[in-house]
Amino acid sequence: MRLHDPNVYDTVRTEGGDVLADDVEVADGFLSRALGLMFRSSVSEGYALVFEFGRERSVSLHTVFVPFPIDAVFLDGNGAVRSVETLRPWLGYASERAETVVELPAGAADLLERGEDLVFDEYN
């Protein structure tokens, strides 16, 4: 499955229908990608920040200036889970090849498995 235009996602869910997020934000510009979740005091349950890179590449994430733990879901070019990493506050770091990365509140991606497809439902 290929992903679609940014800023039009209503939900992020598994193919089985389990909703991971219903408050979806897309980091689609230089500044929003550079800042990510930095300087926010928290994110709500059901929140996701999506980074789409347009092609698979090496992606590195950190939680410097992020005072809460997050799950980082790295997806391949087909939308399948390549890996899930839980990053601790302030000092977390992860790196993986990915075309898309989804950042979620810690624990939201606990049931995801490698190879599982994520679905990005678009606003109607």
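W90 is partly exposed, with a relative accessible area of 45%, where partly exposed denotes the range between buried (under 20% relative accessible area) and exposed (over 50%), computed with a 1.4 Å probe and protein chains only. The place of W90 is in the loop between β6 and β7, the elements being DSSP runs numbered from the N terminus, with at least four residues (H or I) for a helix and at least two (E) for a strand. Although W90 is not a glycine, its phi is positive, at about 65°.

This is a predicted model, in which local features need pLDDT of at least 70 and side-chain atom pairs count only at pLDDT 80 or more, while totals for chains, interfaces and linings use all residues. Residues are numbered from 1 along each chain as its sequence is written, and side-chain values use heavy atoms, with hydrogens and water left out.

**Surface patches**

W90 belongs to a nonpolar patch on the surface, which it forms with F30, L31, L35, F39, V64, F65 and L91, and which has about 910 Å² of accessible area together. Accessible areas come from the Shrake-Rupley method with a 1.4 Å probe, and for residues only the protein chains shown count as cover. Patches consist of residues with over 30% relative accessible area and no salt bridge, like charges being joined within 9 Å and nonpolar side chains (Val, Leu, Ile, Met, Phe, Trp, Tyr) within 5 Å.

Another member of the nonpolar patch, F39, also has a positive phi, of about 70°, although it is not a glycine. F39 is placed in the loop between α1 and β4, and it is exposed, with a relative accessible area of 60%. F65, also of this patch, lies in the loop between β4 and β5 and counts as partly exposed at 40% relative accessibility.

A patch of positive charge on the surface gathers R33, R55, R57 and R97; here Lys and Arg count as positive and Asp and Glu as negative, whereas His and the chain ends are not counted. The place of a charge is taken as NZ of Lys, CZ of Arg, CG of Asp or CD of Glu. R33 is found in helix α1, which spans residues 30-35, and is partly exposed, with a relative accessible area of 34%.

**Salt bridges**

Side chains of opposite charge can pair when their charged atoms come close. A search of the whole structure finds three salt bridges, each defined as a side-chain nitrogen of Lys or Arg within 4 Å of a carboxyl oxygen of Asp or Glu.

| D121 | R13 | 2.7 Å |

In the bridge between D121 and R13, distant parts of the chain are linked, since D121 is in strand β8 and R13 in strand β1 (residues 9-14), 108 residues apart. D121 is partly exposed, with a relative accessible area of 23%, and R13 likewise counts as partly exposed at 23% relative accessibility.

R40 counts as partly exposed at 26% relative accessibility, and E25 is partly exposed at 32%.

**Nonpolar cores**

The largest nonpolar core has 19 residues, and those with the most contacts inside it are L37, V59, L61, F74 and V101; such a core is a set of buried Ala, Val, Leu, Ile, Met, Phe, Trp, Tyr and Cys residues joined through side-chain atoms within 4.5 Å. Two or more residues of this core are given by each of β4 (47-62), β5 (70-75) and β7 (93-105), with the largest share, six residues, coming from β4. A second, separate core of 17 residues includes A21, V24, L75 and A109.

D110 is found in the loop between β7 and β8 (118-122) and is exposed, with a relative accessible area of 58%. From C-alpha to C-alpha, D110 and D71 are 8.4 Å apart in space, while 39 residues separate them in sequence.
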